[in-house]
Amino acid sequence: MSKPKVAFYWCASCGGCEEAVVDLAENILKVVEAVDIVFWPVALDFKRKDIEAMPDKSIAVTFINGAIRLSEQEEMVKLLRKKSQLIVAFGSCAHLGGVPGLANFWDRESIFNRAYKTTPSTHNPEGIVPQEKVTVDGKELTLPKFYNTVFRLDQIIDVDYYLPGCAPPPDLVMNAINAILEGKLPPKGTVLSPNKSLCDDCKRNETKPEKLTIKEIKRPHEIMLDPEKCFLAQGVICMGPATRTGCGERCIEANMPCRGCFGPTDQVIDQGAKFLSVLASIIDVNDEKEIEKVMDTIVDPAGTFYRFSLPSSLMRRKRMPSVADNEK
Ligand code: SF4
Ligand code: SF4
């Protein structure tokens, strides 16, 4: 009997999710024994034309990591959707937009200006920026279109399951692969991690006072962090109350607060707004000026509360005159 076919693809991301597959360690041998990997550009030399030649729905499952930023990524995920029975959004960027999604605070032009003209290490006196088409020696060269907006995967194609995390931990990845191989899948659309908040599983939760209040906010490097005590009770921003559990509290275990990479639970639409509401309920100052003073101590609040989820937020992106509402 032929083995189920599996594919992996990488869009706008750092590559950490590909590492998460390698982090399966010896379990990867079990996976390779059970499936045929038919496409994995980061590791194996298959080409786009190999996928194009496959019959529709002939791949059992494709794991796609990364957000969608380029026209090429859109073309590839649409092709993989056509060829796959199941699509799993793998990791924070495919699930929610992730760190690349923070670029939705700018537009293409300002990103190009910064990256290709004004960074201190750039020497570009002619101000050359990437073009979609250039002619060199009479030959036309093309590049994919760089969109104005970053999208999470299910804003571009239909997605069956979501594996959260930056990057998803190996045990969740293995559980998902086993569930797929055994045909024991939950309903379509499920995020493959428990639907409760990180605080519910965090050992430090019991150190939270009954009425948690803070008068000032500190960054982790500004105080000696108590390794036992709830970060919020120490006045340090921890996204635990607005974040789904399932990572094994790996940052907390390393004495660093949660940054929110697992995204919110099913009950929460907007992770950043949820955290803002948590913060509003615990800041213990009433005077408007004092509140402003406390809020001013948060460096980059939007970037902190939406670090992994800006394209999934109710805002989706910053409104800018240069970007029409429905424009890519
Ligand atoms: S806020 Fe952070 S440290 Fe405190 S209980 Fe929740 S996850 Fe743990
Ligand atoms: S503690 Fe938070 S940021 Fe760290 S891995 Fe878990 S969900 Fe992600």
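**Conventions.** Ala, Val, Leu, Ile, Met, Phe, Trp, Tyr, Cys and Pro count as nonpolar; Asp, Glu, Lys and Arg count as charged; the others, Gly among them, count as polar. This is a predicted model, in which local features need pLDDT of at least 70 and side-chain atom pairs count only at pLDDT 80 or more, while totals for chains, interfaces and linings use all residues. Residues are numbered from 1 along each chain as its sequence is written, with chains lettered from A and ligands numbered from 1 in the order in which they are written.

**View 1. The shell around ligand 1.** Ligand 1 is surrounded by 15 residues. A residue is near a molecule if its C-beta atom, placed from the backbone, lies within 6 Å of it. C199, C202, C230, C238 and G240 are the closest. The shell of ligand 1 holds 11 nonpolar, two polar and two charged residues.

**View 2. The shell around ligand 2.** Here 13 residues surround ligand 2. C247, C251, C258, C261 and F262 are the closest. Helix α9 (residues 250–253) gives the largest share of this shell, three residues. Helices (H or I, at least four residues) and strands (E, at least two) are DSSP runs, numbered from the N terminus. By class, the shell of ligand 2 has seven nonpolar, three polar and three charged residues.

**View 3. N205 and its contacts.** N205 sits in the loop between α8 (198–201) and α9. N205 counts as partly exposed because it has 14 C-beta neighbours inside 10 Å. On this scale a residue is buried if 20 or more other C-beta atoms, placed from the backbone, lie within 10 Å of its own, exposed if 12 or fewer, and partly exposed in between. Leaving aside neighbours within four places in sequence, N205 is in contact with C199 and C230. Contact requires C-beta atoms, placed from the backbone, within 7 Å. Y147 is 58 residues from N205 along the chain, and their C-alpha atoms are separated by 42 Å.

**View 4. Strand β5 and its partners.** Strand β5 (residues 84–90) is largely enclosed by the rest of the structure because five of its seven residues are buried. Strand β3 (residues 59–65) pairs with β5 in the parallel sense over six bridges. Two strands pair if DSSP finds at least two bridges between them. I59 stands opposite S84 in β5. Strand β9 (residues 161–163) also pairs with β5 in the parallel sense, over three bridges. F90 stands opposite L163 in β9.

**View 5. Strand β1 and its partners.** Five of the six residues of strand β1 (residues 5–10) are buried, so the strand is largely enclosed by the rest of the structure. Three bridges join β1 to strand β2 (residues 36–39), and the two run parallel. K5 stands opposite D36 in β2. Five bridges link β1 with β3, again in the parallel sense. A7 stands opposite T62 in β3.

**View 6. The nonpolar cores.** The largest nonpolar core has 51 residues, of which Y9, I64, V88 and L163 touch the most other members. A core is a set of buried Ala, Val, Leu, Ile, Met, Phe, Trp, Tyr and Cys residues joined through C-beta atoms within 7 Å. This core draws at least three residues from each of domain 1 (5–98 + 152–182) and domain 3 (198–312). Apart from it lies another core, of 19 residues, among them L198, L232, I252 and V278. Not counting residues up to four places away in sequence, V88 touches V61, F63, D160, Y161, L163 and A176.

View 7. The protein chain is divided into domain 1, domain 2 (110–143) and domain 3. Domain bounds come from an automatic or database domain assignment. The centres of domain 1 and domain 3, taken over C-alpha atoms, are 31 Å apart. Their contact takes 13 residues from domain 1 and 12 residues from domain 3. On the domain 1 side, helix α5 (residues 92–96) gives the largest share, three residues. That side divides into six nonpolar, six polar and one charged.

View 8. A cis peptide bond joins C166 and A167, with omega about -5 degrees. A167 lies in the loop between β9 and α7 (170–182). K57 is not a glycine, yet has a positive phi of about 60 degrees. The loop between α3 (48–52) and β3 holds K57. K57 is exposed, with 12 other C-beta atoms within 10 Å. N255, also not a glycine, has a positive phi of about 60 degrees. N255 is found in the loop between α9 and α10 (271–282). With 12 C-beta neighbours inside 10 Å, N255 counts as exposed.

Notes. Two residues are in contact if their C-beta atoms, placed from the backbone, lie within 7 Å.
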